[in-house]
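Here are some notes to read alongside the model, written for someone opening it for the first time. Have a look at the chains before you start.

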Amino acid sequence: MATNTDQKTIRFKVKRQDAPQTAPYWQDFDVPHPPGANVISCLLHIAANPVTADGRTVAPVAWDCNCLEEVCGACTMVINGRVRQSCSALISELAEEAAAVTLEPMTKFPVVRDLMVDRSRMFKNLIDIKAWVPIDGTHALGPGPTESPANQDTRYALSRCMTCGCCLEACPQFLLDNHFIGAAAISQARYFNAHETGKTLQDDRLEALETPGGVSDCGNAQNCVQVCPKDIPLTESIAAIGRQTTVHAIKSFFSGK
Amino acid sequence: MTEHTPSTAASSGDPATSFLQQHHFLFRRLHSLSGILPVGVFVIMHLFTNFQMLGGDFQHEVDFIHSTPALLVVEITLWLSIAFHAGLGLVYTFSGRPNVRRYRYGGNWRYYLQRITGFIALGFIFVHVATLRWRWDLFGWFTPFYVRGFDGQPLAHATTAMALQHARWVVAIYLIGAMSVVYHWSNGLWTSAITWGVTISAPAQRRWGYVCAALGIALTVFSLGAVVGALKYHVTDEDRRSIRMTVDFYESGGTDADTKPRPHTATHGHE
């Protein structure tokens, strides 16, 4: 392939895996990067030119992406040891911290192929905590209750969650083979419990979060809030749900069935 | 609490496991509570009492504690609380996988240290209670703690001093053990406020962190002061004679309702 000689080249070290059950292996690629290149544009280059640094033509690297503006979460992977979105990982910044760019799939979700993982556990968790506002019915319900501006501000911060999985990748309690629900779903429970109409399902959400793998399995390492790309106050959400479950459990003890 | 059947964990057929799972939230909260209240409050009292070895009236404090009505009930409550907290703590610890090498945040280190100090504290508390309270003879380090001798002479400071002055490794074990206990409780007090939902906002968590750190520093000072107080005490020949006669008295059938007869009755040299 012809590359522009003005462009700098950077080494990519990619952890690859052909199928969910096969063993991972590493391959290196040298990729030219124009100004403004990001990991996705370099992966596009590798897809078009799947030739390793030692000259072998290999199967193109598979990865996931969608929005390319860090709001969908699909392209999340471990870049130079840190979990983040590959669309917003600029090569010029990565080149300053290391000589090569190391790409690995997230370790807390099953690998589909190469850098693609199956995050469906996150979406199942959202179903478990009923992460929606119940408004469906057979007749018009009229306007909902008014949301105060202060409550809107709190909820806006929580609404930015894109279910990317960074918080879970960094969490020492969320593992590939356990049942912990993790910070993202706990924060969404807080989000919908704070909605004037959404709170009608609050008891269901709290009961789901009191089961094994629920909020009490949090170990308070607080890595989630450190790695969240959307700066969501995840540890405040965990504490808020901690209070809601405490109150709910005491009420259930004294007045529940 | 809530008898909600979990979709994630209902599959286990083991009755003990499913009992734990059915009451998962309750057990988690009781685990937290058992660490803060019975164990934690006792640790504060205990370390403050020990601190009196540095210039205070240690014998008076210990006499006061031993005048507590139904002391054995209090002790058994503490032992059960520690066993409950430690047993569940071990199960919970192995449900996570520390990752401090990849994520080097302060909170992640505190999470890791909380588990490490839990292990150390469990081992330390066992050795501590076994040697001083149950008067076991571990590896020739026979240092039974007596509040008073068989004829009433004060022995609290002397027996504690002899235990600590036995060897340098004993001092090392006490320093590491006490620091582990202090860290585990102070950090546990901080995280429990998040767990229960007492501190919600990040500034509130930070403020409560300062309070817990201050408590931890105070308890550290108490512990260090106690160790210094035990090491500074000059164990006299008179003390040794009293301790020897007291040991012999109880070993030859002297009455002490709290003391089980030990199988090991050989004479012990401390000189």
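1. Ground rules. This is a predicted model, so to speak of local features a pLDDT of at least 70 is needed and side-chain atom pairs count only at pLDDT 80 or more, while totals for chains, interfaces and linings use all residues. Residues are numbered from 1 along each chain as its sequence is written, chains are lettered from A and ligands numbered from 1 in the order in which they are written, and side-chain values use heavy atoms, with hydrogens and water left out.

2. Where the chains meet. Chain B brings 37 residues to the contact and chain A brings 44; contact here means heavy atoms within 4.5 Å. The area buried between the two is about 3400 Å², with carbon and sulfur atoms giving 52%. Buried area is the accessible area (1.4 Å probe) that two parts lose on being put together, summed over both.

3. Polar links across the contact. Between chain B and chain A there are 19 residue pairs in polar contact, both at pLDDT 80 or more. A polar contact is a pair of N or O atoms within 3.5 Å; within protein, one must be able to donate a hydrogen and the other to accept it, and residues adjacent in sequence count only if both atoms are side-chain atoms. On chain B's side, the elements giving two or more residues are α2 (24-51), α5 (106-133), α7 (168-195) and α8 (202-232). Helices (H or I, at least four residues) and strands (E, at least two) are DSSP runs, numbered from the N terminus. That side of chain B has 15 nonpolar, 17 polar and 5 charged residues. For these classes, Ala, Val, Leu, Ile, Met, Phe, Trp, Tyr, Cys and Pro are nonpolar, Asp, Glu, Lys and Arg are charged, and the others, Gly among them, are polar.

4. Salt bridges. How many salt bridges run between chain B and chain A? The count is 3, and over all chains it comes to 16. The rule asks for a side-chain nitrogen of Lys or Arg within 4 Å of a carboxyl oxygen of Asp or Glu. Arg102(B) pairs with Glu104(A) at 3.2 Å, N to O; Arg102(B) sits in the loop between α4 and α5 of chain B, and Glu104(A) in strand β5 (residues 100-104) of chain A. Arg28(B) also bridges to Asp217(A), with the closest N and O atoms 3.5 Å apart.

5. The largest pocket. On a 1 Å grid over the protein atoms alone, a cavity is a set of points where a 1.4 Å probe fits but cannot get out, and a pocket is an open set with protein on both sides within 12 Å along at least five of seven lines; lining residues have an atom within 4 Å of a point. Grid points are joined across faces, edges and corners, and a volume is the space filled by probe spheres set on the points. The largest pocket holds about 1400 Å³. It has 48 lining residues, and Phe42(B), His46(B), Asn50(B), Glu75(B) and His128(B) are the closest to its centre. α2(B) gives the most to this lining, with 10 residues. By class, the lining has 32 nonpolar, 10 polar and 6 charged residues.

6. The largest cavity. Of 7 cavities of 30 Å³ or more, the largest has about 930 Å³ of space. Among its 46 lining residues, His31(B), His85(B), Gly89(B), Gln114(B) and His184(B) lie nearest the centre. Both chains take part: α9 (234-255) of chain A and α2, α4, α5 and α7 of chain B each give two or more residues.
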